[in-house]
Amino acid sequence: DALPIFSSAEKRQYLNSITHHEIQKVMLKQILKYFLLGYRYVILDIPLLFETNRLTRFMKHTILVYCDPQSQLSRLMKRNSLSQHDAEARILSQLPLRSEEH
């Protein structure tokens with residue numbers, strides 16, 4: 001399996017427990033920097049915003065960008081040079097779209 005992290009919830013949770021805190025610290029520092037520079041708005045691209053649910057309290061607005069499932073699958077396969085099996089495993093590791101709509 002080329003992408004074991006997307007096939008194992010336990011491995012994903014372990015990786016996330018190691019990386020998310022540090023990534024969020026860097027993001028928050030960047031946000032603060034831009035506000036101190038006088039920017040009123042900062043746009044963030046956060047793939048796991050709803051899965052982690054830790055940064056949503058800092059968001060005034062969120063915009064969810066999505067496409068139909070077949071387009072999502074084909075775009076992911078093309079962008080990351082993934083097999084259909086690996087792309088489907090990655091998609092299944094994410095929250096279902098209905099869970100992300102707020």
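**Briefing on a predicted helical packing model**

Gln24 is buried, because its relative accessible area is 8%, where buried means under 20% relative accessible area, exposed over 50% and partly exposed in between, with a 1.4 Å probe and protein chains only. This is a predicted model, in which local features need pLDDT of at least 70 and side-chain atom pairs count only at pLDDT 80 or more, while totals for chains, interfaces and linings use all residues. Residues are numbered from 1 along each chain as its sequence is written, and side-chain values use heavy atoms, with hydrogens and water left out.

**Confidence**

- The mean pLDDT of the protein is 85, and 92% of its residues reach 70 or more, pLDDT being the predictor's confidence in each residue, from 0 to 100.
- Where pLDDT is low, the predicted coordinates should not be read in detail.

**Helix α2**

- Gln24 is found in helix α2 (residues 9-36) and, leaving aside its neighbours within four places in sequence, is in contact with Thr52, Arg54 and Leu55, contact meaning heavy atoms within 4.5 Å.
- Asn16 is also found in helix α2, and is partly exposed, with a relative accessible area of 25%.
- The C-alpha atoms of Asn16 and Ala87 are separated by 19 Å, the two residues being 71 residues apart along the chain.

**Packing of α4 and α5**

- Helix α4 (residues 69-80) and helix α5 (residues 84-92) pack at an angle of about 115°, with their axes 9 Å apart; axes are lines fitted to C-alpha atoms, for helices over the stretch in contact, and angles run from 0 to 180 degrees between N-to-C directions.
- On the α4 side, Gln72, Leu73, Leu76, Met77, Arg79 and Asn80 meet Gln84, Ala87, Glu88, Arg90 and Ile91 in α5.
- The buried residues of α5 are Asp86, Ala87, Ala89, Arg90 and Ile91, and they pack against α1 (4-7) and α4.

**Aromatic pair**

- The structure holds 1 aromatic pair, and the rings of Tyr34 and Tyr39 have their centres 5.3 Å apart and their planes at 90°, so the pair is edge-to-face.
- Rings of Phe, Tyr and Trp (its six-membered ring) pair if their centres lie within 6.5 Å, and planes under 30 degrees apart count as stacked, over 60 as edge-to-face and the rest as tilted.
- Tyr34 counts as partly exposed at 30% relative accessibility, and Tyr39 counts as partly exposed at 46%.

Technical notes. Helices (H or I, at least four residues) and strands (E, at least two) are DSSP runs, numbered from the N terminus.
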